[in-house]
Amino acid sequence: MRVCPEGHMFEERLVSSCPFCHPDVHLVPNRPPRPWVSFLLSLLIFGGGQFYNGRKARGILTFFGLAAGTFSTWYGIVEFPGNRESGIGLIMAGLVLAIPVWLFSLADAYEDAVEIGTGVAALTERNPRVAALLNLLPRTWGFGYIYAGEVRMGVLLFAAGFVLTIWATRSGLGVLASFLTLVQLATSAHAYAMTRRAQKLAAAKHRARLREIPSRGPWVFRIAAGLIVLFELALAALHGLAAFTPAL
Ligand SMILES: [Zn+2]
């Protein structure tokens with residue numbers, strides 16, 4: 001990622017110089033990644049699609065995030081019969097991290113390849129899926145806004161999340177954790193909408209320079225987002241339920 005003297009952000013792997021200041025810069029690489037290949041690579045290996053798309057940092061973060069989530073879940077299952085409480089805790093912490101990251105990484109692998117192929121990626125200063133994921137995960141809540149350019153809002157939420165999570169854990173999760181999960185889901189959708197709007201505006205402004213945009217929109221992302229919403233709602237319900245059945 002580089003910033004031009006005018007303050008535009010651009011990916012130097014996709015374009016040679018700032019695509020906003022230089023109207024002659026080609027937005028579409030000669031051999032753009034193929035969306036389904038990227039998707040399948042992400043299925044085979046954590047972050048595989050991101051690496052294939054040329055997003056090294058995102059690929060590495062995806063790999064370690066998913067490795068940590070999977071390990072925590074696995075360790076929790078091993079621990080479970082002997083140490084019931086910490087077993088459940090590890091399984092939950094692992095799933096809360098791994099499931100959204102995995103679904104987002106699959107959707108991002110596909111949609112990013114589409115966006116690179118149409119040229120929209122070269123005009124995208126902030127990836128909407130990254131913004132949404134950062135605001136969804138409990139540990140990075142608020143970072144989605146910081147990433148999207150709303151720094152003050154992001155710092156405020158991150159600090160609030162830090163305090164509220166400790167409080168919720170101390171009081172045995174319950175209603176507060178359930179509420180937090182729903183708020184995180186809402187701020188995630190908001191960060192997505194913000195960054196996606198900026199992406200669409202840039203695409204509309206430079207339409208003549210783009211290769212044809214698929215008419216169906218980000219459909220792989222919509223499927224993944226639907227599954228993530230279901231998962232988060234189930235999580236919120238589970239936290240709420242735990243408040244009324246202490247034995248759970
Ligand atoms: Zn510029």
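Modeller: Before we start, one convention: two residues are in contact if their C-beta atoms, placed from the backbone, lie within 7 Å. Please also keep in mind that this is a predicted model.

Biologist: Fine, then what is Gly144 in contact with, leaving aside its neighbours within four places in sequence?

Modeller: With those neighbours within four places set aside, the contacts of Gly144 are Ala131, Ala132, Leu134, Asn135, Thr187, Ser188 and Ala191. Gly144 itself belongs to helix α6, and its C-alpha lies 7.1 Å from that of Leu133, a residue eleven places away in sequence.

Biologist: Is Gly144 buried or exposed?

Modeller: Gly144 is buried, because 31 other C-beta atoms lie within 10 Å, and the cut-off for calling a residue buried is 20 or more.

Biologist: And Ala189, where does that one sit?

Modeller: Ala189 is in helix α8, and with 15 other C-beta atoms within 10 Å it counts as partly exposed. Its C-alpha is 9.7 Å from the C-alpha of Arg129, although 60 residues separate Ala189 and Arg129 in sequence.

Biologist: Switching to helix pairs, how do α4 and α5 pack?

Modeller: Helix α4, residues 84-118, packs against helix α5, residues 128-136, at an angle of about 175°, and the two axes are 10 Å apart. The two helices are therefore roughly antiparallel to each other, since angles over 145 degrees are put in that class.

Biologist: Which residues meet there?

Modeller: From α4 there are Pro100, Val101, Phe104, Ala107, Asp108 and Glu111, and they meet Arg129, Leu133 and Leu136 of α5. Sorted by class, this contact of α4 with α5 has six nonpolar residues, no polar ones and three charged ones.

Biologist: What about α4 and α9, at what angle do they cross?

Modeller: Their axes cross at roughly 170° and come within 8 Å, so α4 is roughly antiparallel to α9 as well. On the α4 side the contact is made by Val96, Ile99, Pro100, Leu103, Phe104, Leu106, Ala107, Tyr110 and Glu111, while α9 contributes Val220, Phe221, Ala224, Leu227, Ile228, Phe231 and Leu235. By class, the contact of α4 with α9 has 15 nonpolar residues, no polar ones and one charged residue.

Biologist: How many residues does the largest nonpolar core have?

Modeller: The largest nonpolar core has 47 residues, and those with the most contacts inside it are Val101, Leu106, Tyr110, Ala131, Leu133, Tyr147 and Ala224. Two or more residues of this core come from each of α1 (35-44), α4, α5, α6 (143-148), α8 (175-205) and α9 (219-244), and α4 gives the most, with 13 residues. As background, nonpolar side chains tend to be buried together in soluble globular proteins.

Biologist: Take Leu106 from that list, what does it touch beyond its neighbours within four places in sequence?

Modeller: Beyond those neighbours, Leu106 is in contact with Phe39, Ser42, Leu43 and Ala224.

Biologist: Last topic, how is the protein divided into domains?

Modeller: Domain 1 covers 34-112, and domain 2 covers 128-205 + 218-248, with 17 Å between their C-alpha centres. Twelve residues of domain 1 are in contact with 13 residues of domain 2, and the side of domain 1 that touches domain 2 consists of ten nonpolar, no polar and two charged residues.

Conventions
Residues numbered from 1 in each chain as written. Predicted model: local features only at pLDDT ≥ 70, side-chain atom pairs only at ≥ 80, totals over all residues. Axes fitted to C-alpha atoms, helices over the stretch in contact; angles between N-to-C directions. Helix = DSSP H or I, 4+ residues; strand = E, 2+ residues; numbered from the N terminus. Parallel < 35°, antiparallel > 145°, perpendicular 65-115°, else oblique. Nonpolar A, V, L, I, M, F, W, Y, C, P; charged D, E, K, R; others polar. Domains from an automatic or database assignment. Core = buried A, V, L, I, M, F, W, Y, C linked by C-beta atoms within 7 Å. Buried ≥ 20, exposed ≤ 12 C-beta atoms within 10 Å, placed from the backbone.
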